[in-house]
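Please read them with the sequence and the structure open beside you.

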Amino acid sequence: MLRPSPIRPSETDAVGAQLRQLRQRARMSQMALALHSGISQRHLSCIETGRSRPSPVTLHAVLTALDTPLEARNAVFLAAGYAPRYDALPLADPEMEVVRTAIVHVLHANNPAPAIVLDSNWQVLAANAAVGALFDLVGLPADSGEGELNLLRTLLVPGGLGDYLINAEEIRQVAWQRAAREALSNPVLAELLLGIPPPQGSAMTLRDEALPPLLLTRLNSSQGELRFLSTFTTFGMPLDITVASLRIEHLIPADPATWQVMTQACERVAGVAVEGAGSKV
């Protein structure tokens with residue numbers, strides 16, 4: 001299986017070459033991009049060939065039409081001779097309080113369904129109580145969700161959550177393929193993938209019976225099989241690189257039995273937490 005090599009516009013490249021590279025990667029013709037960005041095809045052609053210097057407004061329109069990541073947009077603005085437009089504030093910055101509050105609310109509201117916050121490198125930044133309950137149910141160590149936990153590693157490297165997947169081959173293939181696509185514009189993630197063994201075999205095996213509408217995450221646990229469907233929450237219209245990189249993965253129980261098991265497990269975790277707090281008073 002081929003490993004991804006990061007492809008990012010260099011700040012030393014001419015702005016026209018960067019825009020052409022981004023357009024070709026998006027598989028858009030000059031005509032299509034011109035229509036989406038509201039400029040003429042002739043003007044776009046002159047920009048790509050270096051015969052015309054785009055204004056900040058034109059750059060913003062073209063990069064928005066290409067859905068270019070904010071960090072890559074900064075590189076294009078620099079190449080055009082303009083200051084970078086987007087910051088990358090640490091999540092702990094006081095200006096990010098509204099973001100942190102939103103994350104805490106979403107995580108808490110998702111209980112008893114597990115939810116984790118991921119950055120662009122699949123690093124787990126936060127998790128709700130249901131994640132600890134799930135780890136306990138499958139038999140992972142209690143501290144598996146603490147510290148430097150990376151979702152890709154725990155799924156793909158032996159000894160992690162991937163070992164408890166009933167449909168490990170399918171989930172690992174999907175995770176690898178998604179990360180490999182993201183690594184094309186993220187050299188840190190590409191470097192991380194170099195140290196992770198790629199999954200073997202095909203992602204999906206076509207069977208005679210009808211395929212389900214969604215690929216479920218199926219886990220062995222002390223209470224039997226647990227089945228979840230995965231959804232993602234991202235922040236709309238981000239203007240900060242850190243915010244743009246965040247996503248919350250929700251594992252929603254896919255059947256009543258899983259809902260019941262997770263609800264009871266979270267109640268036990270909450271009870272232990274209350275007892276522990278009381279013992280310290």
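**Notes on the predicted model**

1. Strands E3 and E4 (residues 224–233) are paired in the antiparallel sense over five bridges, where pairing requires that DSSP finds at least two bridges between two strands. Within this pair, leucine 219 has leucine 226 of E4 as its bridge partner. Helices (H or I, at least four residues) and strands (E, at least two) are DSSP runs, numbered from the N terminus.

2. This is a predicted model, in which local features need pLDDT of at least 70 and side-chain atom pairs count only at pLDDT 80 or more, while totals for chains, interfaces and linings use all residues. Residues are numbered from 1 along each chain as its sequence is written, and side-chain values use heavy atoms, with hydrogens and water left out.

3. On confidence, pLDDT is the predictor's own confidence in each residue, on a scale from 0 to 100; the chain has a mean of 87, and 85% of its residues reach 70 or more. Over residues 4–12 the pLDDT is below 50, although this stretch has 33 contacts in the model beyond near neighbours in sequence, a contact being heavy atoms within 4.5 Å. Over residues 273–281 the pLDDT also stays under 50, and here the model has zero contacts beyond four places in sequence.

4. Axes here are lines fitted to C-alpha atoms, for helices over the stretch in contact, and angles run from 0 to 180 degrees between N-to-C directions.

5. How do H9 and H10 lie relative to each other? The axes of H9 and H10 (residues 187–194) come within 8 Å and cross at roughly 140 degrees, and the two helices are therefore oblique to each other. Angles under 35 degrees count as roughly parallel, over 145 as roughly antiparallel, 65 to 115 as roughly perpendicular, and the rest as oblique. Residues making the contact include Trp176 and Ala179 of H9 and Leu189 and Leu193 of H10.

6. In helix H3 (residues 41–48), Leu44, Ser45, Cys46, Ile47 and Glu48 are buried, that is, under 20% relative accessible area with a 1.4 Å probe and protein chains only. These buried residues pack against H1 (15–25), H2 and H4 (56–65). After H3 comes glycine 50, whose phi is positive, near 85 degrees.

7. Serine 37 lies in helix H2 (residues 30–37) and counts as buried because its relative accessibility is 11%. Apart from neighbours within four places in sequence, serine 37 is in contact with Ala61, Val62 and Ala65.

8. Glycine 162 sits in the loop between H8 (151–156) and H9 (168–183), and it counts as buried because its relative accessibility is 1%. Not counting residues up to four places away in sequence, glycine 162 touches Thr154, Leu155, Ala168 and Arg172. Glycine 162 and arginine 172 are 10 residues apart in sequence and 7.6 Å apart in space, C-alpha to C-alpha.

Note on methods
Buried means under 20% relative accessible area, exposed over 50%, partly exposed in between (1.4 Å probe, protein chains only).
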